[in-house]
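Please open the structure in your viewer and keep the selection tool at hand. The tour goes one stop at a time.

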Amino acid sequence: MRRGAAWAVAGVLAAALLAPAAGASAETAPVVVRDVLTGTDPLGTINPVAGNSIQDYVQPDTQIEPSIAVNPANPLNAVTVYQEGRIAGGGDATNGFATTFDGGATWIHGELPGLTTYPGQGGAFERASDAVVAFGPGNLVYANSLVFDATTGGGLRSGIAVNVSKDGGRSWSQPVILQDDRLGGTNDKNWIVVDNSDAPGHHKGRVYVVWDRVAPVVYDYCDHDCDQLSNWLPDLQTIDPIVFPGQGIGAYPMVLNSGALGIVLDTATIGAPTGPDEPEPNGNSQHVFIAAPAAGQTPFPAPLAFLPPIEISPNNSNGVASQRASDGLPAAAVDPKSGAIYTVWDDGRFRTDGKNDAVFSVSTDEGATWSAAKPINPPPRNDKVNHYLVSIAVGEDGAVHVSSRQRDESAAAPLFTNQIDTYYTESRDGGKTWTAPLKVNSKPSQPWYGAFSRNGTFEGDYEQTASSGGSTYITRDQGAAASPGEPQALTPTTQNSSDPANSCSASACVALTEAGKGHQHQATWVALIREGVLPQTAPAAGPTVSSAEAVATFPSSRPCASRRRFTIRLHDPRGRERLVSAVVLVNRRRVAVRRGRRLRARIDLRGLPRGTITIRVIARTNRHRRLTSRRTYRTCVARRPKG
């Protein structure tokens, strides 16, 4: 569409044309069906008897770093897992979960059993961290956690745990501790994936867990009854099956269309970890891809054979000021239709303001070669808006779904602004074009009331997007004041403060103080995105909907004997705002809309039985607003001749 031009939609409806004609592509637009708070942290706190009063304090009412998965057999069933009761010095009180069986309208929530020694949990480790989740076939769900001791035994013990649900996430087994050693807490940054395909080369139901031990990056796998330790590879204590012999962080596994296991990770130079549970990503590191081509054909318990790493791109993230966040850690997904592999991360190479874009690279040959990194979010590149915590999923139809956080950092550091938003965009042409960013949060996150770790607010090193059956779920953790005027929990501090509770290592950061205790409130939210019409019972989030401004001019609804063909004209809003997409619906059924200089679809009311026909136009603008117009017409049977 050229700027300033009206969009003409000649609508078409006949009884035989209620569905789009063969070969015609229906124009769809993503909408936020709902954005829901899944629950809150019920654990409370324990003030440390010994140690640091801030760094070892269990921060009550905080949930952090969520992962989400969707049941491949039922897109209404989704499970998210997360940390609960963050501890600034590393880890949390335990890991929690929330499950929906109705597309995110309602959630049940609780704690994954048996992970930690926190009161009421019944586990064997002091702390947990890094909760991730994956669905398998038959309503099986696997929640994977890092567990470790911080003080007991000198803090040497750490392990990798998996809780299994056999009812879609309603209830959970005790954990299987598939790795348990006393080697100084080197187990870290785990991720999990399940092979859900029975195509040649696959092993349906096989569960892969990948994590790093500073160096090397290692793995384990299980084929069935994974709530039994005997069905995992043996715990080798000092040397596990190796993916990559060097130092790595953020290993992100995927099952490729061939049945191969593919892993994207960030590699850094050899060095000691900076914390007991999550070493900091290196801004000068590289993203690489590593594959085990015959993973799905390898019989248990044989080791998997991995190829040498292939470079995807340098990690040029500029980091995220006053927060602990992704710092360029990658996320990845496979297109089940074409086999293309997508990797996304935050990166500053295109910026002139020291901030980040959401960028991606794609491989169309199962990871052998990768495209140059390209930005996902539209310009400008100098507006001081930081894009980070990028996540990705690809639907069965090949649609690429990406979400990311955005924060305006043009105000003075380290507080900037008490607002962080989450945006969604999608591509249906392999990343050549992207839809206008859609704000998904019904309320912004307020980072001044969030969890605290190291240099500031901590909402996570990662968050996740998952898609199945046309439903795309976006999970993230958000801070919020419990009531208007509540005292601010996190306040500015300076580098190398004499306060022993201060871990600030940047020039300007925010920190938790004694006065801020009790004022942190951070919880897990999940938004559901679908294509096309918003259900009338579910309003869209925030400013994405506008009905005060007509987007279409309809002909008048004259008596049914006339006006049975007509043209709908769509208009750009006033000023610089422009329409970027439109959908035409007739009695809630989408009609084919053809692109070109004009959007066209024919509407013909002749010959329809007597009744009413409602025509609705939904358009989206380049400023992320959704504009709607509608009109109802009356149809009747042809008049019989007199006599």
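**Where to be careful**

Begin by selecting residues 1–27, where pLDDT stays under 50 and the model has 75 contacts beyond four places in sequence. Next select residues 269–283, another stretch with pLDDT below 50; beyond near neighbours in sequence, the model gives this stretch 49 contacts. Where pLDDT is low, the predicted coordinates should not be read in detail. This is a predicted model, with a mean pLDDT of 83 over the chain. A pLDDT of 70 or more is reached by 77% of the residues.

**The whole chain**

Now show the chain as a cartoon. It has 41 strands and 0 helices. Of its 643 residues, 59% are buried. Take the contacts between residues at least 6 apart in sequence: 65% of them join residues at least 24 apart. Switch to a surface view if you like; the accessible surface comes to about 24,900 Å², and carbon and sulfur atoms account for 52% of that.

**An open sheet**

Select β11, β12, β13 and β14. They form an open sheet of 4 strands in the order β11-β12-β13-β14, and the pairing is antiparallel. Which strands are at the edges? They are β11 (188–194) and β14 (242–244), each of which pairs on one side only. From one strand to the next, the twist averages 25°.

Stay with β13 (residues 217–222), which pairs with β14 over 2 bridges in the antiparallel sense. Show the side chain of Val217 and look across to β14, where Phe244 stands opposite.

**Gly248**

Select Gly248, in strand β15 (residues 248–255). Val217 from the previous stop is among its contacts, leaving aside neighbours within four places in sequence; the others are Asp212, Val214, Leu265, Asp266 and Thr267. Gly248 counts as buried because its relative accessibility is 4%, and the cut-off for buried is under 20%.

**Asn386**

Go to strand β24 (residues 385–394) and select Asn386. Is this residue buried or exposed? With a relative accessibility of 1%, Asn386 counts as buried. Show its side chain and that of Glu409, which are joined by a polar contact of 3.3 Å. A polar atom of the Asn386 side chain also lies 3.4 Å from the backbone oxygen of Gly319. Beyond four places in sequence, the residues in contact with Asn386 also include Val320, Lys355, Asn356, Arg405, Gln406 and Arg407.

**Backbone exceptions**

Most residues other than glycine have a negative phi, and most peptide bonds are trans. The last stops depart from this pattern.

- Select Phe300 and Pro301: a cis peptide bond joins them, with omega about 5°. Pro301 is in the loop between β17 (286–292) and β18 (310–314).
- Select Ala413 and Pro414, also joined by a cis peptide bond with omega about 5°. Look for Pro414 in the loop between β25 (400–408) and β26 (421–427).
- Select Asp130 in strand β7 (residues 127–135). Asp130 is not a glycine, yet has a positive phi of about 45°. Its relative accessible area is 0%, so Asp130 is buried.
- Finish at Asp327, in the loop between β19 (323–324) and β20 (331–334). Asp327 has a positive phi of about 50° without being a glycine, and is buried with a relative accessible area of 17%.

Conventions: Residues are numbered from 1 along each chain as its sequence is written. This is a predicted model: local features need pLDDT of at least 70, side-chain atom pairs count only at pLDDT 80 or more; totals for chains, interfaces and linings use all residues. Side-chain values use heavy atoms; hydrogens and water are left out. Buried means under 20% relative accessible area, exposed over 50%, partly exposed in between (1.4 Å probe, protein chains only). Contact means heavy atoms within 4.5 Å. Accessible areas come from the Shrake-Rupley method with a 1.4 Å probe; for residues, only the protein chains shown count as cover. A polar contact is a pair of N or O atoms within 3.5 Å; within protein, one must be able to donate a hydrogen and the other to accept it, and residues adjacent in sequence count only if both atoms are side-chain atoms. pLDDT is the predictor's confidence in each residue, from 0 to 100. Two strands pair if DSSP finds at least two bridges between them. Axes are lines fitted to C-alpha atoms, for helices over the stretch in contact, and angles run from 0 to 180 degrees between N-to-C directions.
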